[in-house]
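The exercises below are to be worked with the sequence and the 3D structure open. Each task is followed by a solution in steps.

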Amino acid sequence: MYYPNNDNCWKTRCCPWYCKGDKGDKGDPGPAGPMGPMGPQGIRGVTGATGADSTVPGPMGPMGPQGIQGVTGATGADSTVPGPMGPQGPQGIRGVTGATGADSTVPGPIGPMGPMGPQGIRGVTGATGADSTVPGPIGPMGPQGIRGVTGATGADSTVPGPVGPEGPQGAEGLQGPQGIEGPQGPQGAEGAQGVQGIEGPIGPQGIQGLVGPIGPQGLIGPEGPQGIRGEIGPTGPQGLEGPEGPQGIQGEVGPTGADLSGSLIPYSTGLPFAIFMHANQHPHSVGFGVHGELPHPLIDGTLEVADGLIAGFPFFTARDSVITDMGVSMMTIEDVDLGAASANMYMQLFSKTTTPRFVAIPGTKVVMTPPLTGNVTKGATFENIVNNLNIPVAAGTRLMLIIHKDLTQEDSTKSIVAMMSGSVNLRSV
């Protein structure tokens with residue numbers, strides 16, 4: 001861009017906006033302006049001649065000029081209250097046409113509508129038409145009349161009118177969204193105590209414990225009633241002949257007591273042992289607080305025990321005996337999920353006399369309940385007791401107790417750790 005030098009524009013150069021150029025050609029005429037206001041009412045014309053039928057009115061004449069504004073009335077009693085609106089004044093003189101806008105080709109905005117002119121004087125009745133029974137065309141609308149006086153104020157404008165009649169009931173709206181759950185209510189009163197349940201069955205008899213140490217001697221109790229006469233003892237030395245005493249009453253024969261004779265032989269693994277849920281694990285031999293896995297599997301009810309520590313676990317019987325009772329209990333020491341794997345754990349006695357191998361004693365297999373499967377928690381117990389056995393054992397027999405499993409569903413990735421204890425009751429014969 002070039003700027004002027006000494007307030008003159010360079011020739012053939014672009015001049016700034018403040019440099020005045022040559023007068024341009026006359027532009028095209030702009031669009032027609034808005035219609036001006038209605039002119040003043042004309043003078044009333046001469047009354048025309050009476051028509052052929054004076055009873056039929058002629059067409060309505062043009063609107064007459066607006067009347068002169070009346071004299072202002074006297075001020076009312078209360079000057080703070082405005083009086084009624086006066087009649088509309090005559091139309092003002094038309095103003096001077098404004099200057100043409102910057103761009104005469106663009107029409108300006110439409111101006112506001114001017115006020116309605118005054119009503120003209122009623123024209124002369126025209127001549128009667130050819131057919132007087134047909135009404136002539138409707139004349140132009142007359143001017144608006146003067147506003148009437150404001151009516152008196154009602155008795156009490158502050159009191160609302162009577163309530164209108166109740167409208168018809170609307171259609172039922174859509175169901176709204178469910179509300180937010182309210183807070184928990186207070187705890188209800190404690191209910192009445194329920195009926196006592198039926199007493200459960202008596203559980204199985206527990207394993208007989210070891211004989212405890214002899215306690216201190218108690219105080220001498222009161223003298224009891226005379227007991228039943230005992231059996232005659234061996235003949236003592238001949239004493240002096242005493243006086244003959246009275247004969248006692250002979251008692252009834254008592255019932256036969258339970259046969260609780262025999263010796264309870266306890267067994268225990270001592271330390272925990274692992275149970276693998278696959279078929280390749282060998283049985284465990286259990287001694288008195290010790291255990292060990294046998295080096296050979298159980299084949300057709302026969303076990304082979306090599307020389308070594310486990311060979312010393314079997315128990316040697318000193319006389320002919322009878323196995324009358326057996327009991328076993330196993331407890332897990334960890335939480336384990338065995339999944340689909342399952343097995344039945346059992347304890348069994350094996351015997352050996354002159355043969356080199358131990359053979360299972362029929363009737364001594366004690367299966368623990370429940371089965372070992374699923375999610376096993378720490379401290380779970382698996383037990384069983386078998387009574388009223390009558391299995392003879394000859395003197396000089398070596399008895400070995402083993403703990404093993406019968407797999408019902410194998411899974412080589414699963415195992416569990418547990419401890420076991422048991423007992424066998426032998427009665428001499």
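**Exercise 1: a residue in a strand**

Met-347 is buried, with a relative accessible area of 0%. The term is set by cut-offs: buried is under 20% relative accessible area, exposed is over 50%, and partly exposed lies in between (1.4 Å probe, protein chains only). This is a predicted model, in which local features need pLDDT of at least 70 and side-chain atom pairs count only at pLDDT 80 or more, while totals for chains, interfaces and linings use all residues. Residues are numbered from 1 along each chain as its sequence is written, and side-chain values use heavy atoms, with hydrogens and water left out.

Task: find the element that holds Met-347, and state how far Met-347 and Val-328 are apart in sequence and in space.

Solution.
- Step 1. Met-347 is in strand E8. Strands (E, at least two residues) and helices (H or I, at least four) are DSSP runs, numbered from the N terminus.
- Step 2. Between Met-347 and Val-328 there are 19 residues in sequence and 6.9 Å in space, taken from C-alpha to C-alpha.

**Exercise 2: the nonpolar core**

Task: state how many residues the largest nonpolar core has, and which element gives the most to this core.

Solution.
- Step 1. A nonpolar core is a set of buried Ala, Val, Leu, Ile, Met, Phe, Trp, Tyr and Cys residues joined through side-chain atoms within 4.5 Å.
- Step 2. The largest such core has 35 residues, and those with the most contacts inside it are Ile-323, Met-330, Leu-349, Leu-372 and Met-420.
- Step 3. Among the elements that give two or more residues to this core are strand E7 (321-332), strand E8 (336-352) and strand E15 (415-428).
- Step 4. E8 gives the most, with 7 residues.

**Exercise 3: aromatic pairs**

Task: classify the 2 aromatic pairs of the structure.

Solution.
- Step 1. A pair of aromatic rings is described by the distance of the centres and the angle of the planes. Rings of Phe, Tyr and Trp (its six-membered ring) pair if their centres lie within 6.5 Å; planes under 30 degrees apart count as stacked, over 60 as edge-to-face and the rest as tilted.
- Step 2. The ring centres of Tyr-267 and Phe-288 are 5.5 Å apart and the planes are at 20°, so this pair is stacked.
- Step 3. Tyr-267 belongs to strand E1 (residues 263-268) and Phe-288 to the loop between strand E3 (284-286) and strand E4 (291-293), so the pair ties together parts that are 21 residues apart in sequence.
- Step 4. Phe-288 also pairs with Phe-315, edge-to-face, at 6.3 Å centre to centre and 85° between the planes. Phe-315 is in strand E6 (residues 315-316) and Phe-288 in the loop between E3 and E4, so this pair ties together parts that are 27 residues apart in sequence.
- Step 5. Tyr-267, Phe-288 and Phe-315 form one aromatic cluster. Within it, Tyr-267 is buried at 4% relative accessible area, whereas Phe-315 is partly exposed at 26%.

**Exercise 4: backbone geometry**

Task: locate the cis peptide bond from Thr-369 to Pro-370, and decide whether Asp-300 is buried or exposed.

Solution.
- Step 1. Most residues other than glycine have a negative phi, and most peptide bonds are trans.
- Step 2. The bond from Thr-369 to Pro-370 is cis, with omega near 0°. Pro-370 lies in the loop between strand E10 (366-367) and E11.
- Step 3. Asp-300 is not a glycine, yet has a positive phi of about 50°. Asp-300 is placed in the loop between E4 and strand E5 (302-303) and is exposed, with a relative accessible area of 77%.
- Step 4. Asn-388, also not a glycine, has a positive phi of about 60°. Asn-388 is in the loop between strand E12 (381-386) and E13 and counts as exposed at 77% relative accessibility.

**Exercise 5: a loop glycine**

Task: describe where Gly-396 lies and how far Gly-396 and Arg-319 are apart in space.

Solution.
- Step 1. Gly-396 lies in the loop between E13 and E14 and is partly exposed, with a relative accessible area of 28%.
- Step 2. Gly-396 and Arg-319 are 6.9 Å apart in space, C-alpha to C-alpha, and 77 residues apart in sequence.
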